[in-house]
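Thank you all for coming.

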Amino acid sequence: MSLNLCPIIHFFFFFILTISRVRAIGINWGNTASHPLPPPKVVELLKSNNITKVKLFDADPLVLPALSGSNIGVTVGIPNSMLRSFNSSKKAAESWVHDNVTRYFSNGGSGVRIQYVKWFCLSIRVWAYLIYIATNQSIYRYVAVGDEPFLQRYGEQFHPFVIGAATNIQAALIKANLEGKVRVVVPCSFDAFLSESNLPSKGHFRSDLNKTMIQLLTFLSKHGSPFFVTISPFVTIHQNKNISLAFSLFKETAHPHNDSHRTYKNSFDLSYDTLVNALSIVGFPKIDIVVAQIGWPTDGATNATPSIAETFMKGLINHLHSKLGSPLRPRDPPIETYIFSLLDEDQRSITTGNFERHWGVFTFDGQAKYQVDFGQGSKNLVNAQNVEYLPSKWCVVNNNRDLSNASARASEACYVADCTALSPGGSCFNISWPGNISYAFNSYYQQHDQRTDSCDFGGLGLITTVDPSVGNCRFSVELHTSQSDSLHRACYFQWTTLLTTILVCLLRFTL
């Protein structure tokens, strides 16, 4: 009696892949920092915490080599400043794909080929390996065209270039024989969709985006790419007085929100289904969704603390792993979710709020702010090891001087340095004067590599070896970075944009 076991094999493998869908949690890694943790250290940090997916905001030539061969699934980003060039030049897109995708994909990014074999030849070891692959592989690798180019405060400056840039990057991937292996996506901001009534059933895209969004969704569907989107419960709670903190933190005691016959128990599902309804209205109700950014800051604003962030993160991850989905997509959670963010970044724009520099699960130097299980079996987060700091020195105010002009000097320091912890609700908001002056002085001093002249402030500064930190208010000592790295960080974006523009001009001249 023969037994056809192929359906059993297919079912078993599909079951494993289904499990992996709800475990697909990655993290964003940004480098907008004055003294970034060296990329090899960051890769060690990712691997130590079993984080197998990472999303980058640019193709940093110091970061990509560090990730090569790490078995970490990578989403590499294209800055908004490059969209115009890639929209107008296929050659520029091909050059970028060659330099930032093809060369690294060939160094271990092609994954493992699974060949068909007969059932009786599958040993326990092979099945164990198949399970490992299914639960750890990157189902997609992505190129993210733009960094939230539809963000409302940008106006329409990037709208004309997004689809053309995505199309040319897609064509470059096809030419490099990477179609289906690397997918093109466009990260969309949390304010690209809305519901004036706060009801998901009334969700829609912004009117200025309707035409572009239909073009984008048509492009994504054609190439089998998911819809990348930011969901920001923290920003929502600050903008919408009808959303409570408990509702945002997945608390069981939170008052539910009702939309017709559907009940919402948390802010995430409310926002998610607002998006789902918006997608349905424009004709794409079933497109896969990737939550490209979601997190909770730990400083710089009211309700931005490590303990609240921990509560949110645990609630989010438990919700994702529950496989419940949302009322409009039951048992169909996002195919991937990327936590925002891995590390604090002291140079991020604070246009939205001072909390923008404190999204990290880890501090700037790779130390865990709280404990959370990303679903990879790790109970406690592992800190970065063997971190190199500048000497244990701080710059504080000299109390023996006339301090009548100290506040003005501190304001000058904060214009350049990061003083966001001094904001209302921040970890250093409650330190008394002149402690807040010292904090500003030290922030400037550290950012300038502890140069003696950076602790002058008209004779009001004093260098000390005694840590002036008070309670939860940490006076940091910056990381030791090489001069070449610092110069590279300062010039990278300007040079890449300039070179791309020059290339486009040369191509136009020769054609």
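Which cysteine forms a disulfide with C428, and how far apart are their sulfur atoms? The partner is C473, with the two sulfur atoms 2.0 Å apart, where a disulfide is counted as a pair of cysteine sulfur atoms within 2.5 Å. The torsion about this S-S bond is about 100°, so the disulfide of C428 and C473 is right-handed. Both cysteines are buried, a word I use for under 20% relative accessible area, with exposed meaning over 50% and partly exposed lying in between (1.4 Å probe, protein chains only).

Before I go on, a word of care: this is a predicted model, in which local features need pLDDT of at least 70 and side-chain atom pairs count only at pLDDT 80 or more, while totals for chains, interfaces and linings use all residues. Residues are numbered from 1 along each chain as its sequence is written, and side-chain values use heavy atoms, with hydrogens and water left out.

In total the structure holds three disulfides. Another of them joins C395 and C455, whose sulfur atoms lie 2.0 Å apart, and with 85° about the S-S bond this link is right-handed; C395 and C455 are both buried.

The disulfide of C414 and C419, with sulfur atoms 2.1 Å apart, is left-handed because its torsion is about -90°. Here C414 is partly exposed, at a relative accessible area of 27%, whereas C419, at 12%, counts as buried.

Counting bonded cysteines along the chain, the pattern reads 1-5, 2-3, 4-6.
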